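Me: I'm new to this one and would like to walk through it piece by piece. Could we look at it together?

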Amino acid sequence: MIDTARLKAWLRRYAELIHVHKDELTALDATIGDADHGTNMDRGMQAVLHILGDEEDANENIRPAELLKQVAMVLISKVGGASGPLYGTAFLRMAQAVGEKEQLNEEDIAQMFAAGLNGMKERGKADLGDKTMVDAYARAVSALSSSLAEGFPLKESLAQAISAAKEGSDQTIPLIARKGRASYLGERSRGHRDPGSLSTVYLFEAALVFAGEGEINHA
Amino acid sequence: MKKLINRVEDVVSESIEGLVLANPDLVRYEREPFFVYRASSQTKEKVALVSGGGSGHEPLHGGYVGYGMLDAACPGEIFTSPVPDQIVSAVKKVDHGAGVLLIVKNYTGDVMNFEMAHEILEMEGIKVERVIVSDDVAVEDSLYTTGRRGVGGTVLLEKIVGAAAEEGWDLERVKDLAERVAGRVRSMGLALSSCTVPAKGSPTFALGHDEIELGIGIHGEPGRKRIPKQPADTLTEMLTQPIIDDLALTSGDSVIALVNGMGGTPLMELYIVYRKLEQLLRERGIAIQRNLVGNYITSLEMQGVSITLLKADEEILAFWDLPVHTSALRWGM
Ligand SMILES: Nc1ncnc2c1ncn2[C@@H]1O[C@H](COP(=O)(O)OP(=O)(O)O)[C@@H](O)[C@H]1O
Ligand SMILES: [Mg+2]
């Protein structure tokens, strides 16, 4: 079961991945955007780290929903750009989806991510194939729920979700952008990866901590 | 990277501090959340105008806060839209009960952040309307995309609509006028060089010595087409014709023209562009009734130019001529 402490581990891992890949994300955005996606996400996730508090802090008495809501508010107020409202709205919906629960099971996690996707799609009005983070996110969500439905364990299902997200991100490369700044480039957006699709890959990669993986390296 | 900055993370705040220190009679700022507002406290009840967007476009928007134009501006990080907290706080600061018009440039990030602020303000019972400026003809407009970017037209709109608000027009009429101006203004720009975002430290795109990027926006984002360098007259025509076509300007029409430098263009060159623009329009029987030539909406140190034409009428010209007193635009007082 996944409790608030485990959700915090996920967010710490996500902040770490964003920090490590900050320049890569910004470089992708320089090619078809305005060179700030890594900077924006890193600013936001560093601020999230700040509210997570000490790792040893036994004070984990807030509910998952409260934590997710706080994360949403931090992202909305710190990230800016397109990704701030998009990830912010996703986390707000995740908070709503987990409701009053203290502990989340595998299905709850799948529903949490699915609710996040709906929020992101409503806010940005993008769909699969528009060359945005939705291309990675939507594929990850379907892989996660179908893999769980087929009876695979969480760890295996998360691995499926991660490779689906990666595949979704790869598939943005040949597309012409229809949403976001890259859409102004028209035909010239073809041949380049969408930066937001990659930050979404890391969101799912970090989620491996739900299955007790990858929660290492805190300097 | 060589820039007149201290720490990268202080660029925006130190620049606004400087703006406020240089114009203490005009503007003040609040730090948390960050926004700029008029120094003179409002004596009359008027509709307030609040805009904002990424920084790096100076004097937009902070330079346009003052009498006859904006009541407050929310600067985001460089080329990144402001966040809802800033917009909500700025609106609350300058709303005096007559309502607030939000002026938003059409970029996904700006639109979504202003939309979230709008939702929060409405929940709190504050009267808010929103106008979206999307004047860049370089971008093809289509139902399936984000639509055109907001560029130079924003400056003209803020001036004209600011005058109407100062005249005591109510929120509905101010909004209608803003929509009307937004519907009649078009722009197009080009770059001779890219710009360097401080946090990145290197130019956003690489441009060869004899290459020009046509159809750029104001964020150092690449344009639609790369072309070999050409004389200024040819380039001016390449920017002007699509605007004339899009606005369907014909003989007898009047316009307000803005020849805008992107931050690193000598004024000397901007006048060479204006010279040709004036000739092109004159040949077609289109009269430039008013003009601005200079750096009004920039892209850091980018070398380049944009042309904006607003199809004018009596009412628009009358508002244009009314007094304005901001740090970047001032006449009549
Ligand atoms: N309408 C949209 N729906 C979903 N995702 C979007 C939308 N617009 C942009 N994005 C995502 O946001 C990313 C860019 O984020 P960022 O660079 O932080 O903001 P900005 O584009 O405002 O500079 C894109 O790579 C894309 O994945
Ligand atoms: Mg960006």
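Me: Where does Leu322(B) sit?
Reply: Keeping in mind that this is a predicted model, Leu322(B) is placed in the loop between α8 (314–321) and β14 (324–326) of chain B.

Me: And is Leu322(B) buried, exposed or partly exposed?
Reply: Leu322(B) counts as partly exposed, because its relative accessibility is 26%, and buried would require under 20% while exposed would require over 50%.

Me: How far is Leu322(B) from Met333(B)?
Reply: The two are eleven residues apart in sequence, and their C-alpha atoms are 9.3 Å apart in space.

Me: Switching to the metal, which residues are the protein donors of the magnesium ion (ligand 2)?
Reply: The protein donors are Asp29(A), Asp34(A) and Asp36(A), each through OD, and they lie 2.1 to 2.2 Å from the magnesium ion. Along the sequence these donor residues follow the spacing D-x4-D-x1-D, and both Asp34(A) and Asp36(A) are buried.

Me: What about Ala35(A), what is its phi?
Reply: Phi of Ala35(A) is near 60 degrees, which is a positive value in a residue other than glycine. Ala35(A) belongs to the loop between α2 (22–32) and α3 (37–52) of chain A, and it counts as buried because its relative accessible area is 2%.

Me: Where is Ala248(B), which also has a positive phi?
Reply: Ala248(B), with a positive phi of about 50 degrees although it is not a glycine, is in the loop between α6 (232–247) and β11 of chain B. Ala248(B) counts as exposed, since its relative accessibility is 52%.

Me: Now ligand 1: which residues come nearest?
Reply: Of the 20 residues around ligand 1, the ones that come nearest are Ala82(A), Ser83(A), Gly124(A), Asp194(A) and Gly196(A).

Me: Why is the site of ligand 1 shared between chains?
Reply: The site is shared because residues from chains A and B surround ligand 1.

Me: Which atoms lie 2.9 Å, 3.0 Å and 3.1 Å from an oxygen atom of ligand 1?
Reply: For Asn40(A), an N or O atom in the side chain is 3.0 Å from an oxygen atom of ligand 1, and for Arg181(A) a polar side-chain atom lies 3.1 Å from an oxygen atom of the ligand. With Gly196(A), by contrast, a backbone N or O atom takes part, at 2.9 Å from an oxygen atom of ligand 1. Taken alone, ligand 1 exposes 560 Å², and the protein buries 97% of that.

Me: Tell me about Arg181(A): buried or exposed?
Reply: Arg181(A) is buried, because its relative accessible area is 17%. Arg181(A) lies in the loop between α8 (154–172) and α9 (195–206) of chain A, and its side chain makes a polar contact of 3.5 Å with the side chain of His219(B).

Me: Over to the strands of chain B. What joins β8 to β13?
Reply: Seven bridges join strand β8 (residues 185–191) to β13(B), and the two run antiparallel; Met188(B), for instance, has Ile307(B) as its bridge partner in β13(B). Strand β11 (residues 254–261) is also joined to β13(B) by seven bridges in an antiparallel arrangement, with Asn260(B) opposite Ser306(B).

Me: How many residues of β13(B) and β8(B) are buried?
Reply: In β13(B), residues 304–311, seven of the eight residues are buried, and in β8(B) seven of seven are buried. Both faces of β8(B) are covered, with Val185(B), Ser187(B), Gly189(B) and Ala191(B) on one side and Arg186(B), Met188(B) and Leu190(B) on the other.

Me: In what order do the six strands of the open sheet come?
Reply: The order is β1-β2-β5-β3-β6-β7 (chain B), and the pairing is mixed. At the edges stand β1 (27–30) and β7 (128–133), each with a single partner strand, so one side of each is left without a neighbour in the sheet. On average, neighbouring strands of this sheet are turned by 25 degrees against each other, direction ignored.

Me: Last one: where are the cis peptide bonds between Glu58(B) and Pro59(B) and between Leu60(B) and His61(B)?
Reply: The bond joining Glu58(B) and Pro59(B) is cis with omega about 10 degrees, and Pro59(B) lies in the loop between β3 (48–55) and β4 (66–67) of chain B. The bond joining Leu60(B) and His61(B) is cis with omega about -10 degrees, and His61(B) is found in the loop between β3 and β4 of chain B.

Conventions:
Residues are numbered from 1 along each chain as its sequence is written. Chains are lettered from A and ligands numbered from 1 in the order in which they are written. This is a predicted model: local features need pLDDT of at least 70, side-chain atom pairs count only at pLDDT 80 or more; totals for chains, interfaces and linings use all residues. Side-chain values use heavy atoms; hydrogens and water are left out. Donors are N, O and S atoms within 2.8 Å of the metal (3.2 Å for Na, K and Ca); water is not among the atoms, so sites may look incomplete. Buried means under 20% relative accessible area, exposed over 50%, partly exposed in between (1.4 Å probe, protein chains only). Helices (H or I, at least four residues) and strands (E, at least two) are DSSP runs, numbered from the N terminus. Two strands pair if DSSP finds at least two bridges between them. A residue is near a molecule or strand if one of its heavy atoms lies within 4 Å of it. A polar contact is a pair of N or O atoms within 3.5 Å; within protein, one must be able to donate a hydrogen and the other to accept it, and residues adjacent in sequence count only if both atoms are side-chain atoms. Accessible areas come from the Shrake-Rupley method with a 1.4 Å probe; for residues, only the protein chains shown count as cover. Axes are lines fitted to C-alpha atoms, for helices over the stretch in contact, and angles run from 0 to 180 degrees between N-to-C directions.
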